Amino acid sequence: MDPIYHELAELLERKERLAFAVLIETKGSTPQKCGAKAIFLPDGRVIGTLGGGCLEAETRQKALRAMETGEPFTFKAVLDDDFGWDDGLICGGSVQTFVQPNPQNGKVWQTLLAEPALRQRRVLATITTSEHAGKRALFAGQELIVADDLSADLLSELAGKSAALLAEPEPEPSSCQLSTASISVYFEPILPRPVLVICGGGHIGCAVGKLAAWSGFDVVVIDDRASFANKERFPDATKIIVDDPAKVMKDFPLDADTYVCIVTRGHRHDAVILKEIIHGHAAYIGMIGSKRKVRTVMEGFINEGVATAEDFRRVRTPMGLAIRSLTIEEIAVSVVSELIAVRRGAQNYVSLSVTNQFADKMPASGITESGHPERSEGSPNATGDLTRKCPG
């Protein structure tokens, strides 16, 4: 969920005057995309951003005036020469912005910000036109969680639209017009933060954890050494577990919002952990290692009947994108970049993983013709070093 909602809740709790703005539709080239938000306050403070420049300045002026009337409104801006010449903001696209002055700290806001007992995928529907402008409803799929005073027919259509949005592979904010009442509604998917499980608290795990937390992941660290798995090394981690990573991962819930990076102090430890999760349903399974290590682990799993060559196509090893990273920090950038690429459904990026290449050449099961792993050069990324000189 967008952190700006927590700041909005605190302001509403203090009963501060404000105007809440969100881009509900964007077309063409724009400084921000649909879903960008900002809170405007009378003293000139702006929390969040709509992209800055003339668009944000224009919205702020309208928002401050609306604080006096209390009326929500929607306005469209075409970012052409006439609109953005003075600020150099000539994007050529268009945006539609919904502004709600002094929103009520009602039950929808309170429920939205309450931590759900389960990691729910939800949709916040906001009506942006008609006499219902500013009213909201919160759904978990087609199930209504809470809503402002709206008719049953209207809630029924909102529920259907919300369920359809969450059924998409990559739900994104969008606006549409309802047939029931010919009103416009902005639908925002409220998805649980992705969980990154880092198995191994060494140097690479530590660097990946810091950058991943900054990039919006809830970081869980597992290491059997308390000197490596602690709050000093992982200050931004949501959870730190001092235990055998393989033991923990055996029962760890893996779903479409879970990402796993295996970066322990030794290759054998990595393989034992991978054995526990290779058939799980995590969005991302990554393991540190060289090409030789990958080949050895794959052949071992196939010969033991633990997994097939096809199973390995889901595993990213070596981890990260091919940016020729060398330092620990650069490796973390490479790995977290791949996590983001998978999370956002990016296409055509160059991954360091060789599992697909090896799977194409390996039999479905059994030993290779050579009878032993093929020797090969290490990965150009430092995550592919053939030996490890330090923990993690």
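Trainee: How many cavities of 30 Å³ or more does a search of the whole structure find?

Mentor: The search finds two cavities of 30 Å³ or more, where a cavity is a set of points, on a 1 Å grid over the protein atoms alone, at which a 1.4 Å probe fits but cannot get out. Keep in mind that this is a predicted model, in which local features need pLDDT of at least 70 and side-chain atom pairs count only at pLDDT 80 or more, while totals for chains, interfaces and linings use all residues. Residues are numbered from 1 along each chain as its sequence is written, and side-chain values use heavy atoms, with hydrogens and water left out.

Trainee: What lines the largest cavity?

Mentor: The largest cavity, with a volume of about 50 Å³, has a lining that includes Phe 20, Trp 109, Arg 136 and Glu 188, lining residues being those with an atom within 4 Å of a point. Strands E1 (19–27), E6 (122–127) and E10 each supply at least two residues of that lining, and by class it divides into seven nonpolar, one polar and two charged.

Trainee: What is the volume of the second largest cavity, and which residues line it?

Mentor: Its volume is about 30 Å³, and it is lined by Gly 209, Lys 210, Val 219, Phe 234, Pro 235, Asp 236 and Ala 237. The class count gives four nonpolar, one polar and two charged, with Gly among the polar residues by definition.

Trainee: What makes a space a pocket, and what is the volume of the largest pocket?

Mentor: A pocket is an open set with protein on both sides within 12 Å along at least five of seven lines, and the largest pocket has a volume of about 1100 Å³. Its lining comprises 29 residues, and Pro 171, Pro 189, Leu 191, Arg 343 and Arg 344 lie nearest its centre. Strand E10 (184–190) and helix H10 (328–343) are the elements that give two or more residues to this lining.

Trainee: Why is H8 called oblique to H9?

Mentor: Helix H8 (residues 267–277) and helix H9 (residues 291–304) pack at an angle of about 45°, with their axes 11 Å apart. Angles under 35 degrees count as roughly parallel, over 145 as roughly antiparallel, 65 to 115 as roughly perpendicular and the rest as oblique, and therefore H8 is oblique to H9.

Trainee: Which residues of H8 and H9 make the contact?

Mentor: With contact meaning heavy atoms within 4.5 Å, H8 contributes His 267, Asp 270, Ala 271, Leu 274 and Lys 275, and H9 contributes Lys 293, Val 297, Phe 301 and Glu 304.

Methods
Points joined across faces, edges and corners; volume = space filled by probe spheres on them. Helix = DSSP H or I, 4+ residues; strand = E, 2+ residues; numbered from the N terminus. Axes fitted to C-alpha atoms, helices over the stretch in contact; angles between N-to-C directions.
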